Amino acid sequence: MLTKQLLFSLVFGQLALGFQLRPDQQMFSLEEQMLASASKKYEDTKIKFLEDYYKVDQENNALMFAADIQLPDDLAQIASQDITYKDPDDTSDLYPGKTDRYNGITQAGWLSFGHLPMEMHCFDGNMLDELEFDIAVIGAPFDTGISYKPGARFGPDSIRQGTRRFSGGFSPYRKGFSVWNNWAKIVDCGNVPMTPLDNRIALDQLYRSERVLLNHTTTKENPGKHPRFVALGGDHTITYSGIRAAYEKYGKVSVLHFDSHLDTVNPYHMNPNVTEYAALNHGTYLNWAHKKGWTNTNNIHAGLRGWYEDIGDPERDYTESGFSKIMARDIDSIGIHGIIHKIKKTLGDSPVYISFDIDVLDPASAPSTGAIEPGGWTSRELLQIIDGLAGITVVGADVTEVSPWGDSTNEITSIIAGEVTRSILALMVIKPVE
Ligand SMILES: [Mn+2]
């Protein structure tokens with residue numbers, strides 16, 4: 001009985017005590033106490049700092065810097081450090097291509113692909129011997145061959161902007177491998193002039209630019225006679241010119257076509273009355289390229305999923321244009337390595353033209369493109385597939401259909417397009433073409 005009474009009074013005594021605490025003795029949780037203590041330490045430090053380095057001007061109610069105070073050694077060193085370069089006339093760290101991330105390379109210089117050196121004379125037929133390079137990035141600002149959302153004429157500069165973040169560097173997946181610091185001299189030749197008023201003239205301007213580019217001299221390190229190019233589109237029609245230029249140097253090429261759509265459509269099956277002008281567009285150029293005799297019969301699509309316009313399109317894809325297919329959903333059955341294996345087996349030793357449509361990616365990865373198709377690959381899956389193709393003989397390439405109108409807030413599509421281009425350049429560096 002006594003014990004119970006004792007326990008009862010102890011419990012209620014404690015509670016009663018709690019209620020009787022003065023306001024400045026309020027009970028706090030452990031977290032609140034720790035927070036208060038940390039904040040006090042901060043306040044103490046701040047006050048100490050203020051006392052040490054500032055004087056209070058009571059009259060004007062202001063803080064004055066105490067000029068005569070002694071800075072601690074480490075602070076004093078920073079404050080007195082001579083930030084003038086050893087030789088003020090030495091500007092070697094300010095040249096384009098000489099800066100690094102610490103020096104501010106990401107925003108420096110002109111807008112070139114991955115800060116590559118700009119070359120003004122790639123399309124100048126009088127400079128073929130003087131100007132040598134191994135791989136050229138060029139822009140093909142053209143979007144009047146597209147059937148849905150235009151804007152890809154702004155793609156080349158947008159993709160370049162997406163590579164502002166590049167600073168040379170080494171691959172995290174290939175030990176010690178660098179695209180930039182390797183045997184190949186890679187340059188950015190700028191954009192080709194392409195008229196927006198006549199597709200026939202524009203595609204011919206691009207073809208002649210690529211043709212003269214391939215006639216330039218290569219460096220001593222290059223076993224091949226012709227430079228190679230990656231064209232930044234532009235809508236997909238630009239591939240027509242690229243395949244034509246590559247065919248002239250290498251004979252028939254095999255096309256590795258990353259796309260959600262076939263692009264081998266025979267326009268006359270869709271509409272027998274289509275004009276010749278309208279018949280060449282971003283959905284038909286591969287059909288034309290095969291008809292012209294520029295492509296082999298071991299071409300392959302990767303990432304298909306767009307609905308067919310005509311019931312006969314998938315059949316004619318092979319019979320009229322020589323393509324086999326890897327569907328987007330094949331990744332769930334044969335996996336990334338199955339896809340790589342199938343592409344390599346199909347292409348064999350043929351000279352390969354890689355034509356890349358950014359809409360092969362899922363809209364979640366690349367929303368800013370002309371003809372969006374849900375259900376695509378992620379950027380990780382796609383980059384792993386391209387990187388897995390090391391060893392194929394890439395003679396030319398393009399990255400198309402980046403229409404940056406939807407990228408205004410985050411540049412996501414352009415950044416991925418830039419990364420895809422870097423992976424394609426890596427394939428070119430890994431396997432020179434003789
Ligand atoms: Mn396409």
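## Starting at Gly 151

Not counting residues up to four places away in sequence, Gly 151 touches Asp 143, Ser 403, Pro 404 and Trp 405. Keep in mind that the model you are looking at is predicted. You can find Gly 151 in the loop between strand 3 (135–140) and helix 4 (155–161).

Is Gly 151 buried or exposed? Gly 151 has 20 C-beta neighbours inside 10 Å, so it counts as buried. A residue needs 20 or more such neighbours to be called buried. Now look along the chain to Glu 401: Gly 151 and Glu 401 are 250 residues apart in sequence, yet their C-alpha atoms are separated by 8.5 Å.

## The whole chain

Let's step back for a moment. The chain has 434 residues, and 39% of them count as buried. How many helices and strands does the chain have? There are 14 helices and 10 strands.

Taking the contacts with a separation of 6 or more, 75% are between residues 24 or more positions apart.

Most residues other than glycine have a negative phi, and most peptide bonds are trans. With that in mind, take Glu 401 again: it is not a glycine, but its phi is positive, at about 65 degrees. Glu 401 sits in the loop between strand 10 (393–400) and helix 14. Because Glu 401 has 33 C-beta neighbours inside 10 Å, it counts as buried.

Asp 263 also has a positive phi without being a glycine, here about 60 degrees. Where is Asp 263? Asp 263 lies in the loop between strand 6 (254–258) and helix 7 (267–270). Asp 263 counts as buried because it has 28 C-beta neighbours inside 10 Å. For a peptide bond that is not trans, go to Gly 233 and Gly 234: the bond from Gly 233 to Gly 234 is cis, with omega near 10 degrees. Gly 234 belongs to the loop between strand 5 (228–233) and helix 6 (239–250).

Next, follow helix 12 (residues 335–347), whose partner is helix 13 (residues 379–387): their axes are 9 Å apart and the packing angle is about 40 degrees. That angle is why helix 12 and helix 13 are described as oblique to each other. The crossing of these two helices is right-handed. Which residues meet there? Helix 12 brings Ile 336, Ile 339 and Ile 340, while helix 13 brings Glu 381, Gln 384 and Ile 385. By class, the residues of this contact are 4 nonpolar, 1 polar and 1 charged.

Helix 13 also packs with helix 14 (residues 412–430): the two axes come within 9 Å and cross at roughly 15 degrees. Helix 13 and helix 14 are therefore roughly parallel to each other. This crossing, too, is right-handed. On the helix 13 side, the contact is made by Ser 379, Leu 383, Ile 386 and Asp 387; on the helix 14 side, by Ile 416, Glu 419, Val 420, Ser 423 and Ile 424. Sorted by class, the contact of helix 13 with helix 14 has 5 nonpolar, 2 polar and 2 charged residues.

## The nonpolar core

In soluble globular proteins, nonpolar side chains tend to be buried together. In this model the largest nonpolar core has 86 residues. Which residues touch the most other members of this core? They are Ala 136, Val 253 and Ile 424. Helix 14 supplies the largest share of this core, 10 residues.

What does Ala 136 contact, leaving aside its neighbours within four places in sequence? Its partners are Cys 122, Val 187, Cys 189, Leu 213, Pro 227 and Phe 229.

## A partly exposed histidine

The C-alpha atoms of His 121 and Cys 189 are 7.4 Å apart in space, while the two residues are 68 apart in sequence. His 121 lies in the loop between helix 3 (73–80) and strand 3.

Because His 121 has 13 C-beta neighbours inside 10 Å, it counts as partly exposed. Apart from residues up to four places away in sequence, His 121 touches Met 127 and Leu 131.

Terms used:
Residues numbered from 1 in each chain as written. Predicted model: local features only at pLDDT ≥ 70, side-chain atom pairs only at ≥ 80, totals over all residues. Axes fitted to C-alpha atoms, helices over the stretch in contact; angles between N-to-C directions. Helix = DSSP H or I, 4+ residues; strand = E, 2+ residues; numbered from the N terminus. Parallel < 35°, antiparallel > 145°, perpendicular 65-115°, else oblique. Left-handed = near helix turned anticlockwise from the far one by under 90°. Contact = placed C-beta atoms within 7 Å. Nonpolar A, V, L, I, M, F, W, Y, C, P; charged D, E, K, R; others polar. Core = buried A, V, L, I, M, F, W, Y, C linked by C-beta atoms within 7 Å. Buried ≥ 20, exposed ≤ 12 C-beta atoms within 10 Å, placed from the backbone.
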